[in-house]
Amino acid sequence: MSGENRRRQKAFDEEAISAGNFGLEIDHDQVERETAALLAKMTPAQLRNEIRGRQPRPIDGLFYAGGDESLGLAPWKMVDGPRGARSGTATAFPVAIARAATFDMDLERRIGLAIGLEVAARGGNVLLAPTINLLRHPGWGRAQETYSEDPHHTGAMGFAFISGAQNHVLTSPKHFALNNLENTRFELSAEIDPRSLHEVYLSHFKRCVVGAQAASVMSAYNKVNNTFCGEHPELLDEILRGDWGFRGFVESDWFLGARSTAPSLNAGLDIEMPAPFRFADDKLDEAEASGEVEAATIVRNAGRSVHQKLAWKLGDDEVAGKRRPDATVVECDEHVALAREAARKSIVLLKNEGRILPLDANAGLSIAVVGDLANFENLGDRGSSMVTPSAVSKPLEAIEQAVGSCKIEFFGSYVELSRLAEFDLAIVVAGLTYKDEGEFIPTAQQDAEDETEFARGGDRAGLELPLEQRDLIERAALAANQTIVVLEGGSAIIMRDWIDSVDAVLMSWYGGQQGGAALADILFGEASPSGRLPVSIPRDMDHFMAWDVTSLSVHHDLMPGYRWLDQHGHAAEFPFGFGLGYTEFEIDDLRVERVGKVFECTVHVRNTGARSGATIVQLYVGHENSRVARAGKELKGFGRVELEPGESVDLEIEIADDDLRFYNVQADDGPDWELEACDYFLRVGLSSADLPLSSCWKFAEGQWKSS
Ligand code: BGC
């Protein structure tokens, strides 16, 4: 078939993803004038009221800030979080890193819409999500809350989530910035040079603020280059407002996000959450009396809160011009189905020796299900992102429902090995829980040691499974005729010791309240796996940068994730962007054209296998003859394609010149984004380690030439 007649699909449809995002409809200059008029009428006490939360504990999950009936100003009602509304019961979606594995921006937009709607139905108006801290190292305890080790990927997913959620409520991408080690988060300093900061660690925040018009931003606990993020003029003022034109407000992270009075207020930390400590009246009196804080600064910061209240047409039960939705939207059938779709699309098939998967439910197989986690509600950490659904589908019961004529027997974690040989195969469900990783709150951690329900795991010092989990897999693999391992967890897990002795591995993350059902869909072939890794799985922990969970100073550079592995010549066990399916895809015929200031790349994708399925086409850029340090390759575009057997499509991925600039610290008139004269390789494939197609372009004297 000639190229002209083939079906075409855009990898990223900005207009469709942005639809209904209320943040894009605001006329900020007009609102600025209304805000000025209102501020002029406000007393100092009313102004102070707008820059702080009301009480330490939430009411029904809602953290209140500001609000004054006499002025017609409703309070902010802020609600966590990244995998669902943390207020009463709510739909528990798969964790963000699982959703990132779908590389499906339309899906992430719909999840944003659903969570935003449930937050609004619970009475909230600010959603404390998404978490978009880059996964510098996969051992970060909160890895599950964020999207990826790659800034382009993180930015795209964050953009989609915010675009959806801001149909209903304000969002607050967090934690600004470089919050990526958990255990020492209140003290540590992230050390970073300007280029790595702008190109790698902030570019996704920029996309969320500039592109998706995130209405607020939460500051981080940690320091950046030795200054606390909550009192960081460069981050909060110069970059966020100066460079990116942010018109929203910045609230502190909870309790320890505001570390001072004057430096925080002056730097542009607008609201202290969840209650006044550093912004309490006595502290403000002192700071104003000493001249450290000017009255105008309080007006300015309060004004940013007031501005968004007017802009977002906030009423007591109204936001973005919409009335509070009925509570029946919470966990409605549509949202539960969406959670299942997301979980199903997020599962990554890492190994499938002899095509053991999918299992035929009508083949009368005898199956041993092994591991306590098969019968456990493993939704992820129990920190601020915890969500409580009214029902959870666990792997064991979902497998039991799906088995058809197969015979199932469940073994917990104690398995008589001799028994396993009686079965055709064993499905071992292993992995991590909230005890191994997650948000780390020291007091809660102490409780955890007494085995209370609110354990927080913090960072993982190593990337292996806990010993008993490894042992379970190794023993099962030894005894069973065939072994399928289902892994649960929120980040990379090293598998070197046992991967060669098992037949299949599925990474199923923390799949949310429909995780079990989605797993059964994949095991028995109701759907073909289409998840791709958003984090590299190394062969050995030493293949990554040094990782010390007690560190108080962490060096950051241009090379997190696959960039690091490339630079140090380490092949991953399973590379970023990798995942298998039950069908095969081929790509060919890469065509790259210049249209204005954009590369339009078209690639022909064909399902050559016998089943329907989906794949993720990925475009990376590498350089030659560059005068600055460059990563071997950097993801710059991707598209998810779903095809029937034999079907094909021309996928269009756009790369703008602006996406190819580097942050030149030595530019003549001060740091600037430069399109360097050098050779650019546009490389396309189905994982970061499989890029068969390429197109080379030279940029010289302001002109692009294909070479
Ligand atoms: C977390 C934030 C969260 C906040 C409110 C903090 O401990 O770091 O991510 O939004 O608590 O629950």
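Val-603 has Leu-651 as its bridge partner in β24. The model is predicted, so local features are given only at pLDDT of at least 70 and side-chain atom pairs only at pLDDT 80 or more, while totals for chains, interfaces and linings use all residues. Residues are numbered from 1 along each chain as its sequence is written, and side-chain values use heavy atoms, with hydrogens and water left out. Helices (H or I, at least four residues) and strands (E, at least two) are DSSP runs numbered from the N terminus.

**Strand pairing around β24**

- Strand β21 (residues 598-607) runs antiparallel to β24 and is joined to it by nine bridges; two strands pair if DSSP finds at least two bridges between them.
- Strand β1 (residues 8-10) is parallel to strand β24 (residues 648-656), with three bridges between them.
- Which residue of β24 is the bridge partner of Gln-9? It is Leu-651, which is also the bridge partner of Val-603.

- The peptide bond between Lys-174 and His-175 is cis, with omega about -5 degrees. His-175 sits in the loop between β5 (170-171) and β6 (189-191).
- A cis peptide bond also runs from Phe-176 to Ala-177, where omega is near 10 degrees. Ala-177 belongs to the loop between β5 and β6.
- Gln-213 is not a glycine, yet its phi is positive, at about 50 degrees. Its place is the loop between α8 (203-211) and β7 (216-218). Its relative accessibility is 25%, so Gln-213 counts as partly exposed (buried is under 20% relative accessible area, exposed is over 50%, and partly exposed is in between, using a 1.4 Å probe and protein chains only).
- Phe-255, another residue other than glycine, has a positive phi near 65 degrees. Phe-255 lies in the loop between β10 (249-251) and α10 (262-267), and a relative accessibility of 33% makes it partly exposed.

- The assignment gives domain 1 (30-328), domain 2 (342-538) and domain 3 (583-706); the bounds come from an automatic or database domain assignment.
- The C-alpha centres of domain 1 and domain 3 are 33 Å apart. Their contact involves 13 residues from domain 1 and 13 residues from domain 3, where contact means heavy atoms within 4.5 Å.
- About 1200 Å² is buried between domain 1 and domain 3, with 64% of it on carbon and sulfur atoms. Buried area is the accessible area (1.4 Å probe) that two parts lose on being put together, summed over both.
- One salt bridge is counted between domain 1 and domain 3 (a side-chain nitrogen of Lys or Arg within 4 Å of a carboxyl oxygen of Asp or Glu).
- Arg-640 and Asp-104 form a salt bridge, with their closest N and O atoms 4.0 Å apart.
- Five residue pairs, both residues at pLDDT 80 or more, are in polar contact across the interface of domain 1 and domain 3. A polar contact is a pair of N or O atoms within 3.5 Å; within protein, one must be able to donate a hydrogen and the other to accept it, and residues adjacent in sequence count only if both atoms are side-chain atoms.
- On the side of domain 1 that touches domain 3, α6 (151-165) and α7 (194-201) each supply at least two residues. With four residues, α7 gives the most to that side.

**Ile-499**

- Ile-499 is part of helix α18 (residues 496-499) and is buried, with a relative accessible area of 3%.
- Apart from neighbours within four places in sequence, Ile-499 is in contact with Lys-351, Val-505, Glu-573 and Phe-574.
- Asp-424 is 75 residues from Ile-499 in sequence, and the C-alpha to C-alpha distance is 19 Å.

**Helix α19**

- How many of the nine residues of helix α19 (residues 515-523) are buried? Nine are, and the helix is mostly covered.
- The buried residues of α19 include Gly-515, Gly-516, Leu-519, Asp-521 and Leu-523.
- Among the elements covering the buried residues of α19 are the helices α13 (333-346) and α14 (395-402) and the strands β16 (425-431), β17 (483-488) and β18 (504-507).
- Gly-525, which follows α19, has a positive phi near 75 degrees.
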